[in-house]
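Q: I am new to this structure and would like a close look at one part of it. Please take me through that part slowly, and then show me how it sits in the rest of the chain.

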Amino acid sequence: MNENVYFECRKRAAIHNERLNSRAGAAEILGISESTLAHYELGITKNIPVDVVVMMAEVYNAPELKCIYCKSECPIGKANSNRGREHRGHYGKNAFRVGG
């Protein structure tokens, strides 16, 4: 199978919440269909809605899902993930000082 980080986080969370052991149980908690969750976990659906990622992060107690989403799915994050190191320190420590 081709499970991804969403599957891995759900299975890790299932240690503390038995309902998350099955896609059916997790889908019910997340308010989505079991087939939709399967498509997310198997990588069939490439663009997962941000509100679902936020809900998964909360239900699975996996805040890293938000970071992963922002870096790999969000258009702003994708555009900047490769340039992050180049621009660190570019503005200097007082560049955003307000009022002074």
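Is Glu41 buried or exposed, and what is its relative accessible area?

A: This is a predicted model, and what follows should be read with that in mind. Glu41 is buried, with a relative accessible area of 0%, and its place in the chain is helix 3. The side chain of Glu41 makes a polar contact with the side chain of Arg23, at 2.6 Å.

The surroundings of Glu41 can be followed through the helices that pack against helix 3. Helix 2, made of residues 23-30, and helix 3, made of residues 34-41, pack at an angle of about 105 degrees, and their axes are 8 Å apart. Helix 2 is therefore roughly perpendicular to helix 3. On the side of helix 2 this contact is formed by Arg23, Ala24, Ala26, Ala27 and Leu30, while helix 3 contributes Glu34, Leu37, Ala38 and Glu41. Sorted by class, the residues of the contact between helix 2 and helix 3 comprise six nonpolar, no polar and three charged.

Helix 3 also packs with helix 1, which spans residues 5-13, at an angle of about 115 degrees and with the axes 7 Å apart. Here Tyr6, Phe7 and Arg10 of helix 1 meet Leu37, Tyr40 and Glu41 of helix 3. The classes in this contact of helix 1 with helix 3 are four nonpolar, no polar and two charged residues.

Asn61 is found in the loop between helix 4 (50-59) and helix 5 (64-72), and it counts as exposed, at 66% relative accessibility, whereas Glu41 is buried. The backbone of Asn61 has a positive phi of about 50 degrees, although Asn61 is not a glycine.

Of the 100 residues in the chain, 30% are buried, and Glu41 is one of the buried residues. The accessible surface of the chain comes to about 7,000 Å², with 53% of that belonging to carbon and sulfur atoms. Among contacts in the chain between residues at least 6 apart in sequence, 42% join residues at least 24 apart.

Methods. Residues are numbered from 1 along each chain as its sequence is written. This is a predicted model: local features need pLDDT of at least 70, side-chain atom pairs count only at pLDDT 80 or more; totals for chains, interfaces and linings use all residues. Side-chain values use heavy atoms; hydrogens and water are left out. Axes are lines fitted to C-alpha atoms, for helices over the stretch in contact, and angles run from 0 to 180 degrees between N-to-C directions. Helices (H or I, at least four residues) and strands (E, at least two) are DSSP runs, numbered from the N terminus. Angles under 35 degrees count as roughly parallel, over 145 as roughly antiparallel, 65 to 115 as roughly perpendicular and the rest as oblique. Contact means heavy atoms within 4.5 Å. Ala, Val, Leu, Ile, Met, Phe, Trp, Tyr, Cys and Pro count as nonpolar, Asp, Glu, Lys and Arg as charged, and the others, Gly among them, as polar. Buried means under 20% relative accessible area, exposed over 50%, partly exposed in between (1.4 Å probe, protein chains only). Accessible areas come from the Shrake-Rupley method with a 1.4 Å probe; for residues, only the protein chains shown count as cover. A polar contact is a pair of N or O atoms within 3.5 Å; within protein, one must be able to donate a hydrogen and the other to accept it, and residues adjacent in sequence count only if both atoms are side-chain atoms.
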